[in-house]
Amino acid sequence: IKVSIFTLAVVFAAVGLRLLWRQWRERGQPPGLTLERLSLRMGLAVLAAVFAFRLLQPYAFTGPGLLDVGLSERWLADMQLVQGQVTGESDPPWGYQWANRTPILFPLKNMVVWGMGLPLGLAAWAGLGVAFWQMVARGRLVHLIPVTWSLVLFLHQGTQWVKSMRYFLPIYPTLILLAAWLLISLWDSARRATAAG
């Protein structure tokens, strides 16, 4: 399990806030009750994440028992070493390849040109842009999860010292869904225009 998956917490928070807003504005439920339910759900999500981390990352803990939850000194030292390599604070020879790489633009170009290929890459980012515009300008929040997840992880990883394409793989599925949504929307609009004309 990668520690950087913590960015997923932003998606959970965005969905929770959206649910809270909808309950208050659209259904008129008492804020206390809605907040109580939301807190319970978020707490269960955190507990599930902690349990999954404990179960699937045993080297991070002192062990050997499942209830031995103290963090391993060796794992903490390894994480500190990796952190230095990822941020550029340490100076391993293989890290020189990341010198003079423009944040955001370098990984964006790699994703579009090499990771997805031009047709899919351009459609994916166009879909993300249109969905984000609809969320901000029109308040259409149906795309909240894929847009939030894609943007948060891309901005986080795209501003790191190390910008390997594999770090962006978790957002490929959501970007591809947004590309499909945009292309189908354009196709449907063209069909309606043809039928009306």
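1. Start with helix 7: its buried residues pack against helix 4, helix 5 and helix 6. Helices here are DSSP runs (H or I, at least four residues), numbered from the N terminus, and buried means under 20% relative accessible area with a 1.4 Å probe, protein chains only. The buried set is Tyr 172, Thr 174, Leu 175, Leu 178, Ala 179, Trp 181 and Leu 182.

2. Before going on, this is a predicted model, with pLDDT of at least 70 needed for local features and 80 or more for side-chain atom pairs, while totals for chains, interfaces and linings use all residues. Numbering runs from 1 along each chain as its sequence is written, and side-chain values use heavy atoms, leaving out hydrogens and water.

3. Gln 134 sits in helix 5 (residues 118-138) and counts as buried because its relative accessibility is 10%. Beyond its neighbours within four places in sequence, Gln 134 is in contact (heavy atoms within 4.5 Å) with Gly 139, Arg 140, His 143 and Trp 181.

4. Pro 58 lies in the loop between helix 2 (31-56) and helix 3 (73-87). At 41% relative accessible area, Pro 58 is partly exposed, the class between buried and exposed (over 50%).

Notes. Helices (H or I, at least four residues) and strands (E, at least two) are DSSP runs, numbered from the N terminus.
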